Amino acid sequence: MKKVKRRAACALLIAAAIIVGMAVYLVRLADHGADWAMFRANPDVYQNGVLNTGTLTDRNGLLLAQAGNGVYRYADDAAVRTACLHAVGDYSGNIGTGAVTAFASRLAGYSFVNGLYSPDGTGATVELTIDASLQATAYQALWGRKGAVLVCNYETGEILCMVSAPSFDPNGTVDVNAAGYEGVYLNRCLSSTFPPGSIFKLVTAAAAIENIPDLRERTFTCQGQLEVDGETVVCTGWHGDQLFEDTLANSCNCAFAQIALELGGETLAAYAEQFGLTSAQSLNGIPTAAGRFDVADTDRFDLAWSGMGQYNDLVNPYAFLRYICAIAGGGSLREPTLLLGHRGKTTSLLDEGTAQELQQLMNYTAFTAYGSSWRFPGLDICAKTGTAEVGDGSPHAWFAGFLRNEDHPLAFVVLVENGGGGLDAAGTLAGTVLQAAVAG
Ligand SMILES: [Zn+2]
């Protein structure tokens, strides 16, 4: 009898081990199945190491890239091919973060249930959220300057525009080693960081709203410059006595130096971290570059500038877009996506009340400081400029914000490298792209 019991126990143990083993395998298959199916030597998917299957379209069904049976195609229009290069990627594998690489398993038709299923070898069609025509408008509006343009629907998370310049026509013959093409393979929206300048005042402002109790009753004085421990913070103007809302509209360096010093480096760093500006983010699994806000060893003068997006601050355009989306969304954002029909999760970045105050401040700033009613006619815009000093050459021009528009809830971040003044360079470009987006 004992023997039978022992054998039964053994059999049960073996059965349990098999079940556990199967469960482990299934979990690993769910996690890594796409990678196993997509290994580079798989001849169903790759030819000479190049993805050889699948079709990419824009949100309107326009063909952006297609591969199958050894034939490779891009969009018919050269302007679209150039403007979409970084979002789409290339079959030469130069653009590491492009959809051709990032969504290879989807293009191959991989699914957990069916595995790789592509009866005719042409894989699957993946629809991107970008609008090819808007991409072309944005690229043209950069007029050969380097930069990044991001436009996103903050309700759905769909990215309508993700342009990086310089770019090139993947069907063309441009020599990318020539001057002016430095960093051409990088998608500046995702893989680069830049000094933010005054768009960072939106971060300092959020910290001020939550940590300075009498902020709205205070008066901030600007006499064109401010002495901080024997050094001089210079302002862009002579703003006199201002209420808090006017310090942002004036983008007053003297006021924001005082605010940054009052808040302290640790508090500012905590907010930059909370808003996702100092960590790598993920766009549909594509990792982005982490920004920097490091005031561990600063003196008070450097700390004052760090609260204004100077000193050694660095921001990634995509990470800043997330912050703008969260402000527009009342504190939380729908994580952006490049895949049409895919809904990202909701992430809470800041307090609802703080977000609402920032919305009002940005609307007031756009109206009073940027003349939004004539500069951006028909657009109920909330925005902040940045003009970031970079040491050599003209400053980087930034314009970041969103539209209050039920039909077009769009958030945007525009960067023109060495573009000069934020409003003239980046603001004008944003106006062109937003008008096209709303009209389209
Ligand atoms: Zn000032």
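**Helix packing and salt bridges**

Helix α13, which spans residues 317–328, packs against helix α14, residues 352–370, at an angle of about 100°, and the axes of the two helices are 8 Å apart. Because angles of 65 to 115 degrees count as roughly perpendicular, α13 is described as roughly perpendicular to α14. The model that shows this arrangement is a predicted one. On the α13 side, the contact is made by Tyr323, Ile324, Ala326, Ile327 and Ala328, while α14 contributes Ala355, Leu358, Gln359 and Met362.

Side chains of opposite charge can pair when their charged atoms come close, and the structure holds 13 salt bridges. Three of these pairs are followed here, with attention to where their residues lie and how exposed they are.

One of them joins glutamate 417 to arginine 188, with the closest N and O atoms 2.4 Å apart. Glutamate 417 sits in the loop that runs between β21 (410–416) and α16 (422–439), whereas arginine 188 belongs to helix α7 (residues 188–191), so the pair ties together parts of the chain that are 229 residues apart in sequence. Glutamate 417 counts as buried, at 12% relative accessibility, and arginine 188 is buried as well, its relative accessible area being 6%.

A further salt bridge is formed by glutamate 262 and arginine 218, whose closest N and O atoms are 2.8 Å apart. Here glutamate 262 lies in helix α10 (residues 253–263) and arginine 218 in the loop between α8 (201–211) and β11 (220–222), so that this pair ties together parts 44 residues apart in sequence. Glutamate 262, at 44% relative accessibility, counts as partly exposed. The pair also belongs to a network of salt bridges, in which Asp214 is linked with Arg218 and Glu262.

Arginine 73 is partly exposed, with a relative accessible area of 36%, whereas aspartate 76 counts as exposed, at 70% relative accessibility.

Technical notes
Residues are numbered from 1 along each chain as its sequence is written. This is a predicted model: local features need pLDDT of at least 70, side-chain atom pairs count only at pLDDT 80 or more; totals for chains, interfaces and linings use all residues. Side-chain values use heavy atoms; hydrogens and water are left out. A salt bridge is a side-chain nitrogen of Lys or Arg within 4 Å of a carboxyl oxygen of Asp or Glu. Buried means under 20% relative accessible area, exposed over 50%, partly exposed in between (1.4 Å probe, protein chains only). Helices (H or I, at least four residues) and strands (E, at least two) are DSSP runs, numbered from the N terminus. Axes are lines fitted to C-alpha atoms, for helices over the stretch in contact, and angles run from 0 to 180 degrees between N-to-C directions. Angles under 35 degrees count as roughly parallel, over 145 as roughly antiparallel, 65 to 115 as roughly perpendicular and the rest as oblique. Contact means heavy atoms within 4.5 Å.
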